[in-house]
Each structure stands twice: as structure tokens, then as C-alpha cells.
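Trainee: I'd like to learn how to read packing in a model like this one. Could you walk me through it, feature by feature?

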Amino acid sequence: MTCQMVYHTGNCLNTKKPFARACKLCIEICPHQAISEYRQLDAKQCTECGACMAVCPSDGFVDRTMGKLHDYLFKEKDIVLNCPKAIPQGFEIPCLGIIDRDAWMLLMLLAEEKSVTIMTGVCAECEDRLACANSVKLFKEAHADWPDHAAISIQVRPDEGADELEKREGAKAEVPRVNLTGWKQIGRDKIEEWLPNLAAEETYTIPKSRQWLIEAVEKKTDGKIPFRALTVSDSCTSCGVCVAICPQGALQKQEDRNPDQTAEDPTKEEKIVSLRLILEPQKCVQCGRCVEICRPLALSFNQKSMSHRLLTGKILIHEGSPRYCIRCGKRIFDNTDLCLACSTSDPASPGSFFPSSNG
């Protein structure tokens, strides 16, 4: 059977914006070593546990059936999700492991209006138990941020045998493999091997589970959910590096320049007198690259109560003035008074990078 897991090359953060420390979450989490260094999926090794989906911030790996899952979640009166090892009484997902943090938040939202039940087999005995454990970890994180969310029922209801599966209405039988020989057989084997990657040409900025979450928030009665949003502290130097490094385009900057700086000397670059950082929460996937790259450690993620309007809007999170060397006038990106060149030319100067002799 064709592997349902596909890789969206254009969605991968490494493709969107190269970074010194490339994201390898999908490779590191895969319990079956089915993903190569180049994100090629070995269909024979992959069990479709969904661990790569749950950890990927930007829908690099997705399951082909996600569209059907969306329709089921929003259209059915009550929701019952079951893994292949459980009694088949609802919508079958490959594994509990496919549910990421946003998907858990979505289920919590939907549980306010209808019952939500997840049925699993005995996960401790399943080959995909690591994927399930990772998803449970994400659930606990979401629960910690939203402890008073509507209840989700999780039941261990293992399928005891093939009889139950055969009785299921509309159960799919495995299509027998056609006995081909020679070049035809080789061609079919290659197609089955390549298909998961060849079918993955879809590119979008906002991950599907985030889109679904926002869709549900819009219908929510009180209209607010807890959301981990980027915040900026007073140590920010207004350098704007975080904007340049964001692979999602979730951060933008607005600059006000002083044209008088070039009036006297046209060779000089206009100084930026004010910089504003604008955040689009719906695009932010909390990959953490901006936090990692920030030299003054001014960025962090903090829980905020957000409405649909805020989630889908643009929020001013910082306004300040860039720093310039007090000696040569060059722009500096640290909380100092001198650039590196001026500081090293006179270590005794105020704002030097070097410790004072009296220190």
C-alpha cells in the first residue's frame, strides 16, 4: 500500500530560510530511522506513526488524509478518533502521534461544543509507542497552559482480533499486489518509492493544524485561548536581526530614517531613528530561531490570552531606537557605546568591550 506520509519541501523551515543550525526534529524523533538527512522518506521503514508531523513546526511532513480529518472534526456531531490498534468506532488516524500541540488545542476547543473521544490500543505494546508518548507530552504542555479546558476522553480500547475489523462498516481491504515482472515490476517499485516525495509540492505559510485552530477560535463563544506569543524585553537593541532570521515571515520591522544625515554628506547612510517590531501570531510556529539568535537575550515566548482578531492580526511588540557608536557613528548591535573597532583601538574608553583594570 502507498505510504500516506508526504514531505512538503517548500514548507520545511530549512528550505524557507537557511540557518546555521539546521532543524532536524523530524529525523531525531523518528523511532524507525525512516527519514534520511535529506528528508527522504523510506516507505518500507515508515509506519506512519506521525511523530515527524507532531514535532515539525511548519508542516514539512504531513499525512495525506488530513483534509478528510478536518471535515470530520468540524462536521460531525461528536468526535471519536481511533488508532489502528483500537476498536474501530470512529475516524481512524494513523497513530495518536500525529496530534501536535495546535491539534490538541483544537480538540480542547471542539470539546466545548461536542464530545471528543480518543480510543487507543495498548500503546506500551505498540511499535509506535514513542510517537504516542511524544504526543502525550504535547498534550500535557497544552493542558498546563490551559488547565480549565473542556474534557477530552482518552480510552484504551484495544481491538481484540480481525473479526471486529471485518465487521466495521466500510472497512477497506488491502489491494492485492499485481504480479508484474521485468521492467514493469521495477517501474512500479520505483513509483511506490518516489510517490511520497513526488506528491509533496504543496507550500503554505500557516500549518494546517494552526489554520484549523484559528477556524475554531473564530467560532468560540468567549473568543480567547492561551497562546505562546513572542515578547520583547527592555534589553532589546532594535537591531532587527530577529526579523531577518524568521523563516515564517512572522516578524516585520518598520523603520523611520533621518534624511538630514545625508544632507551634509551624501556618502553617509541615513540613520535609523526608530524601529518597530510587528508580530503576526498566526504565522509564528515557535521554532525559536529568533530567541536563539538574539545577542542581548531580549526575546522569549510567554503565554498570552488571544482572541481571533489578535491571532490573525498584526501586533506591535517593540518600539525603540538602534544604537550607534559614540565615536565613529557606526551602528552597533550590543548594549555598549562603542563599536568593536573603536573599542579595541582604545580599551580604556567608556563602553569598551574589555574589562577595566580596576575590575
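Trainee: Where is Asn-134 found?

Mentor: Asn-134 is in helix 6. Bear in mind that this is a predicted model.

Trainee: Is Asn-134 buried or exposed?

Mentor: You judge that from relative accessibility, with under 20% as the cut-off for buried. Asn-134 has a relative accessibility of 13%, so it counts as buried.

Trainee: Okay, on to helix pairs. At what angle do helix 5 and helix 6 pack?

Mentor: Take the angle and the axis distance together. Helix 5 (residues 101–110) and helix 6 (residues 129–145) pack at about 55 degrees, and their axes are 9 Å apart. That angle makes helix 5 oblique to helix 6. The crossing of helix 5 past helix 6 is right-handed.

Trainee: Which residues make that contact?

Mentor: Helix 5 brings Arg-101, Trp-104, Met-105 and Met-108. Helix 6 answers with Ser-135, Leu-138, Phe-139, Glu-141, Ala-142, His-143 and Asp-145. By class, the contact of helix 5 with helix 6 has 6 nonpolar, 2 polar and 3 charged residues.

Trainee: Why do residues three or four places apart point the same way in an α-helix?

Mentor: An α-helix has 3.6 residues a turn, so residues with that spacing point the same way. Now try another pair: helix 4 (residues 66–75) and helix 9 (residues 208–219) pack at about 15 degrees, with axes 12 Å apart. The cut-off for roughly parallel is under 35 degrees, and that makes helix 4 roughly parallel to helix 9. Helix 4 also passes helix 9 in a right-handed crossing.

Trainee: Which residues of helix 4 and helix 9 meet?

Mentor: From helix 4 you have Met-66, Leu-69, His-70, Leu-73 and Phe-74, and they meet Trp-212, Glu-215, Ala-216 and Lys-219 of helix 9. The contact of helix 4 with helix 9 splits into 6 nonpolar, 1 polar and 2 charged residues.

Trainee: What covers the buried residues of helix 4?

Mentor: List the buried ones before looking for the cover: Met-66, Leu-69, His-70, Tyr-72, Leu-73 and Phe-74. The cover includes helix 3, strand 2, strand 3, strand 4, helix 5 and helix 9.

Trainee: How many residues are in the largest nonpolar core?

Mentor: Look for buried nonpolar residues joined through their side chains. Here the largest such core has 57 residues, and Phe-61, Leu-69, Leu-73, Leu-81, Ile-99, Trp-104 and Leu-107 have the most contacts inside it. Helix 5 gives the largest share of this core, 8 residues. A second, separate core of 18 residues includes Leu-230, Leu-251, Cys-294 and Ala-298.

Trainee: What does Leu-81 touch?

Mentor: Leaving out residues up to four places away in sequence, its partners include Leu-69, Leu-73 and Leu-107, along with Phe-91 and Ile-118.

Trainee: How about the chain overall?

Mentor: There are 14 helices and 13 strands, and 45% of the 359 residues count as buried. Among contacts with a separation of 6 or more, 71% involve residues 24 or more positions apart.

Note on methods: Residues are numbered from 1 along each chain as its sequence is written. This is a predicted model: local features need pLDDT of at least 70, side-chain atom pairs count only at pLDDT 80 or more; totals for chains, interfaces and linings use all residues. Side-chain values use heavy atoms; hydrogens and water are left out. Axes are lines fitted to C-alpha atoms, for helices over the stretch in contact, and angles run from 0 to 180 degrees between N-to-C directions. Helices (H or I, at least four residues) and strands (E, at least two) are DSSP runs, numbered from the N terminus. Angles under 35 degrees count as roughly parallel, over 145 as roughly antiparallel, 65 to 115 as roughly perpendicular and the rest as oblique. A crossing is left-handed if the near helix is turned anticlockwise from the far one by less than a right angle, and right-handed if clockwise. Contact means heavy atoms within 4.5 Å. Ala, Val, Leu, Ile, Met, Phe, Trp, Tyr, Cys and Pro count as nonpolar, Asp, Glu, Lys and Arg as charged, and the others, Gly among them, as polar. Buried means under 20% relative accessible area, exposed over 50%, partly exposed in between (1.4 Å probe, protein chains only). A nonpolar core is a set of buried Ala, Val, Leu, Ile, Met, Phe, Trp, Tyr and Cys residues joined through side-chain atoms within 4.5 Å.
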